[in-house]
Amino acid sequence: MDILLQLIGRLHPLIVHLPIGFILLGILLQFYDRKQGEFKRVVSLIYLWGALSATLACITGYLLYSGEGFSFDSVKWHLWSGMATAVFAFLMFDNLREKTLLKALNKIPVLWMSLLFLLLISFTGHLGGNLTHGSEYLVEPLPNSVKSRLGFPVFEKKPIVLNAENWRDTPFYEGVIAPILNNKCVSCHGPKQAKGGLSLHTKEAILKGGENGAVIVTDTPDKSELYARLILPEEDEEHMPPKDKTPMEKAEIELIASWIAQGNPFEGTLGDFGLDRELFLSFFPKKVVLDHPDLEIPKAEKDSITAIEAHNIHVDVLSGDTHFLSVSCINKPNFADADFEILRPISQQIAVLDLGGTQITDAVLDKLAALPNLTVLKLDNTDITGATIAKLTALEHLRDLNLTYTPFQEKYVSLFPEFPNLNKVYLYRTNTTAQGLVPLAEGRITLDYGQYELPPIPSDSIVY
Amino acid sequence: MKSSIEKLIREKQVREAEVKTRRHFIKSCAQGMGGLALSSIFMGCDPLRKPAPQNTMAFSERDLNPLSTLAPPYGPKVKSVIYLHMAGAPSQLEMFDYKPQLHKYHGQDCPQSLLEGKKFAFIKGTPKLMGPQAEFKQEGESGNWVSNFLPHFKKVVDEVAFLKAVHTDQFNHGPAQLFMHTGSPRLGRPSIGAWATYGLGSVNQNLPGFVVLTSGGNAPDAGKSVWGSGFLPSVYQGVQCRSQGDPVLYIEDPKGMSRDLKGRTIEAINAINKKEYTKYADPEILARINQYEMAYRMQIAVPEVMNINNEPEHIKQMYGVAPGKESFANNCLLARKLVEDGVRFVQLFDWGWDTHGNVRSGSIDLGLRNKCREIDRPMTALILDLKQRGLLDDTLIIWGGEFGRTPMQENRGNKKMAYKGRDHHGDAFTMWMAGGGIKKGASHGKTDDIGFSGIEGRVSVHDVHATVLHLLGFDHEQFTYEFQGRHFRLTDVEGEIIHEILA
């Protein structure tokens with residue numbers, strides 16, 4: 001019997017289209033007939049059919065709701081409005097009959113009633129569509145900018161936030177397992193829908209399991225459905241997530257296994273369970289080091305670039321996905337301090353500046369401070385002594401500074417910690433004495449003094 | 001004498017006939033068919049893919065200067081590449097891929113199951129396994145294995161990322177080298193350096209964008225096609241420079257030719273060439289114009305950059321250079337100088353790694369050790385020198401051969417060889433990369449107990465190419481050139497970025 005009821009329930013998506021068709025036909029015909037009133041009886045008959053099929057839809061809909069594990073909260077509006085539609089269809093039928101039962105309704109203009117009817121059937125249909133396709137079905141294809149303007153979340157994924165420094169402090173369930181389940185399972189096994197009677201959005205729901213019982217056998221992942229289904233061959237019908245959904249990452253599957261193996265704890269941090277760092281490597285953020293600030297800036301004028309290139313100064317867009325520029329004076333060794341003015345029109349766009357091997361002096365650093373987005377600066381093979389290096393502390397994005405082969409003086413090294421974003425300074429062949437890599441500002445800055453050596457060893461001269 | 005003059009006259013007549021018919025055709029159909037044909041030529045060859053010029057034939061910057069720089073589509077990690085190719089295929093089993101188990105099986109017959117269906121260049125019958133002929137130690141913080149054949153290199157082991165299970169389907173030098181450098185074992189494809197220069201151009205106007213340096217006494221077996229431009233315009237091919245004698249042949253002006261006169265001659269030639277181009281729109285004419293101009297500028301710039309004598313003594317010692325001779329050390333120092341001067345792609349070939357065991361210089365325990373000594377100091381110095389100049393973050397260094405060598409001792413003609421040797425082997429070999437965007441101290445891939453095949457993290461030659469293009473700021477699937485009616489890629493229809501070695 002249950003099977004039969006479930007089967008009938010599954011006819012709901014088919015049957016709902018009958019009342020929709022009848023009712024829309026009735027409304028259209030009624031509108032067409034608004035002056036003559038010739039088809040009143042036909043329209044009334046159509047509404048009767050609509051009412052009967054709507055009733056049938058309500059019954060199958062209820063069976064579907066009870067047979068497929070939808071939560072009442074998610075279907076209630078569809079259910080109520082569907083029933084209202086059926087009732088309204090009977091009312092309309094009655095209203096258009098010659099001998100109406102409810103006289104009071106006759107006082108309301110028929111066109112108003114039809115309009116209300118149209119709204120009701122559209123509303124019900126829309127809610128039903130939301131249930132089968134998800135409430136974002138119509139919004140999803142829209143571009144993100146439109147989506148956010150309409151007030152829809154751009155994506156609902158819970159990110160797994162881990163990093164190499166403090167991953168141990170992340171709660172095992174809240175910080176790792178819950179987001180994985182949320183991102184890969186909860187759309188079908190959650191508050192809106194609980195396929196197979198299973199929902200995975202809360203501790204209680206997970207422990208309760210599905211219609212076939214518990215999905216976790218504590219400490220034994222291999223016997224736990226929650227894990228075992230993830231590692232079935234993809235073609236297997238039981239494999240989860242289903243073929244057309246986003247598959248689980250290998251690392252995510254391993255984490256679910258180790259969570260079950262650890263006794264599926266809902267409290268405690270990753271560190272508490274002595275988990276291997278390797279398990280989380282793929283979740284650590286990839287450090288993207290860009291040669292420019294993470295900012296949107298306007299494109300440089302084509303004309304100003306052409307004008308600069310006419311001076312034999314090389315200007316390049318850093319890459320196709322940014323407007324930042326890289327400027328090199330490799331073809332203009334006679335570039336002097338005064339020539340800096342040539343670069344003014346693109347001062348906002350310059351992120352990488354190579355003044356290596358030019359005629360610049362300490363005075364130019366004052367001007368360089370006017371390049372707000374400068375990230376990589378090469379001053380090698382010039383006469384920079386460092387006397388004005390403090391001027392560059394105004395550059396909040398400056399990350400790499402190359403001073404090799406300059407008379408840069410040791411005493412100015414102590415100024416580097418005042419640079420807000422400085423990461424690397426090359427000091428090979430300067431007026432300094434150190435050798436190799438020297439950390440500064442608690443390791444934020446690395447000074448590379450170079451002077452690397454490969455002393456001769458006996459085997460250098462052994463010929464076999 | 002007479003016959004050669006006749007030959008020239010005949011050639012002149014043939015050329016004239018060719019030109020006349022084409023000229024006649026294009027002239028008479030200048031507005032119609034010609035225009036159509038030209039527009040298709042333009043669409044096919046213009047790397048910027050601008051719409052075809054309709055009536056006026058304006059020069060784009062790239063037309064006039066094919067080496068002018070282009071922005072890579074995505075954020076690049078490196079600006080230049082130095083590719084150190086050990087032509088002949090070095091033995092991974094004596095350098096980086098430590099196989100202690102192979103010691104145990106030393107002298108035993110190679111199991112038949114490994115030999116079935118495999119092709120070897122020389123091995124016949126059932127060869128015997130040969131244990132590692134070098135001693136290995138874990139070096140640096142990364143604990144990666146380096147043999148005692150490379151005593152200097154162990155100092156920079158934490159700077160490089162190893163690929164331990166590269167594989168190729170070619171087992172002879174020529175095709176394998178072509179595959180490694182052009183993505184196809186057959187002739188006709190552009191080399192990786194040509195792709196890079198085509199896609200990015202080159203910053204320095206006085207130097208070629210793609211320079212090739214060879215050492216070891218021979219050019220690579222595959223010939224110059226390994227640095228050729230294939231179907232790309234020929235301006236993108238590698239320019240071979242010599243580290244002995246004049247860096248480029250005939251770079252000096254002949255006696256009696258002043259630089260000024262040379263300059264004006266080239267101006268006149270190029271003016272004529274530009275006229276020719278407006279008529280026929282053949283991109284090769286532009287390449288020629290540019291090459292004339294570049295050659296003129298190179299006459300000054302190249303001898304300067306190719307002169308290692310002005311380098312300070314400690315640098316010369318560090319690399320172990322031998323001025324005036326052709327050596328890998330000289331070439332490594334030159335590679336640094338070239339990259340410092342903005343050259344996009346520097347390709348080094350060092351010949352002599354084919355250690356079959358047939359001669360002393362080609363033996364695993366003697367000849368290989370000499371080759372290792374020749375590269376050990378220079379390639380280590382190259383990494384350190386680039387590092388201290390702040391150039392390593394902008395440069396990618398790639399090291400490798402065209403394939404690897406067998407865990408079995410070679411038994412050419414089913415006989416015992418004069419020396420210990422290993423045959424060609426493409427199933428698993430080691431490469432390494434260092435520089436910008438590379439995960440320092442990484443080691444990706446694992447071979448089986450005897451180093452026969454990769455069992456984990458196997459990567460193909462296409463994967464290596466995809467990774468190199470990625471580091472230069474390209475998506476290898478999008479970076480194409482239309483030729484003969486279809487889009488060609490360096491990675492053909494394969495290749496996956498090896499994220500495991502990326503920082």
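Mentor: Helices (H or I, at least four residues) and strands (E, at least two) are DSSP runs numbered from the N terminus, and on that basis chain B has 13 helices and 17 strands. The model is predicted, with local features needing pLDDT of at least 70 and side-chain atom pairs counting only at pLDDT 80 or more, whereas totals for chains, interfaces and linings use all residues. Residues are numbered from 1 along each chain as its sequence is written, while chains are lettered from A and ligands numbered from 1 in the order in which they are written.

Trainee: Why are α11(B) and α12(B) called roughly parallel to each other?

Mentor: The axes of α11 (residues 328-340) and α12 (residues 367-388) of chain B come within 8 Å and cross at roughly 15 degrees. Angles under 35 degrees count as roughly parallel, and α11(B) and α12(B) are therefore given that description. The contact, for which C-beta atoms placed from the backbone must lie within 7 Å, is made by residues including Phe328(B), Ala335(B) and Arg336(B) of α11(B) and Ile375(B), Leu382(B) and Asp385(B) of α12(B).

Trainee: How do the residues of the contact of α11(B) with α12(B) divide?

Mentor: They divide into 10 nonpolar, no polar and 4 charged, where Ala, Val, Leu, Ile, Met, Phe, Trp, Tyr, Cys and Pro count as nonpolar, Asp, Glu, Lys and Arg as charged, and the others, Gly among them, as polar.

Trainee: Which residues touch the most other members in the largest nonpolar core?

Mentor: Of its 124 residues, Ala335(B), Ile397(B), Ile398(B) and Met433(B) do, and α12(B) gives the most to this core, with 9 residues. Such a core is a set of buried Ala, Val, Leu, Ile, Met, Phe, Trp, Tyr and Cys residues joined through C-beta atoms within 7 Å. Not counting residues up to four places away in sequence, Ala335(B) touches Ile82(B), Leu213(B), Val346(B), Leu348(B) and Leu382(B).

Trainee: How do you know whether Arg429(A) counts as buried or exposed?

Mentor: Arg429(A) has 20 C-beta neighbours inside 10 Å, so it counts as buried. Arg429(A) lies in the loop between β6 (424-426) and β7 (437-440) of chain A, and its phi is near 60 degrees, a positive value in a residue other than glycine.

Trainee: What does Ala441(A) count as, given its C-beta neighbours inside 10 Å?

Mentor: With 14 such neighbours, Ala441(A) counts as partly exposed. Ala441(A) is found in the loop between β7 and β8 (445-448) of chain A, and its phi is near 50 degrees, also a positive value in a residue other than glycine.

How values were computed:
Axes fitted to C-alpha atoms, helices over the stretch in contact; angles between N-to-C directions. Parallel < 35°, antiparallel > 145°, perpendicular 65-115°, else oblique. Contact = placed C-beta atoms within 7 Å. Buried ≥ 20, exposed ≤ 12 C-beta atoms within 10 Å, placed from the backbone.
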